[in-house]
Amino acid sequence: MESARTFLVEQAGIPAERLLYYGESLGAAVVTALAAKHPPAGLILRSPFTDLPAAGRAHYPFLPVRLLARDRFPVAELVERVAAPTLIVYGTADSIVPPRQSLAVARKAGGPVRVVAVQGADHNDASLLNGDQLIDAIAELAAGAT
């Protein structure tokens, strides 16, 4: 992600203050870490988890996931450092990342936050890839960031 951002700013000449970062699920963890280091114009997190061990514990409650996890990907902790407008989009029927985790990330956001719940959507449903609610919310965030 650092390399992609560097390319866009230094090679493509896109002003850093115009960049929007978008990440889905595990990618939300990656762009949140990038946003904490290099502030964007806006941050879009689709189905973010609070941290990877918490997401793992939701599926494997009988394992000591927190002890076994080498990488934490602490989204909720890092998003507190992001002052940029943040959009959280999640499906209310997400079977991979519990919706309560996406909402917990939203509560921790350091800047203004908008939450969009896509009713009945599971983690990999098309409505969370290219659905109207997602696209409209991103377009609104982008319009406000320029």
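F62 is exposed, with a relative accessible area of 64% (exposed is over 50%, buried under 20%, partly exposed in between; 1.4 Å probe, protein chains only). Y60 is partly exposed, at 45% relative accessible area. This is a predicted model, in which local features need pLDDT of at least 70, side-chain atom pairs count only at pLDDT 80 or more, and totals for chains, interfaces and linings use all residues. Residues are numbered from 1 along each chain as its sequence is written, and side-chain values use heavy atoms, with hydrogens and water left out.

**Aromatic pair**
- The structure holds one aromatic pair (ring centres within 6.5 Å, with the six-membered ring used for Trp; planes under 30 degrees apart are stacked, over 60 edge-to-face and the rest tilted).
- The planes of the Y60 and F62 rings stand at 85° and their centres are 6.2 Å apart, so the pair is edge-to-face.

**Fold**
- The chain contains eight helices and four strands (DSSP runs: H or I of at least four residues for helices, E of at least two for strands).
- From the N terminus on, these elements follow the order α-β-α-β-α-α-α-β-α-β-α-α.
- Of the contacts in the chain with a separation of 6 or more, 64% are between residues 24 or more positions apart (contact means heavy atoms within 4.5 Å).

**Dimensions and burial**
- The C-alpha trace of the chain spans about 50 × 35 × 25 Å along its principal axes.
- Of the 146 residues of the chain, 42% count as buried.
- The accessible surface of the chain is about 7700 Å², and carbon and sulfur atoms contribute 56% of that area (Shrake-Rupley method, 1.4 Å probe).
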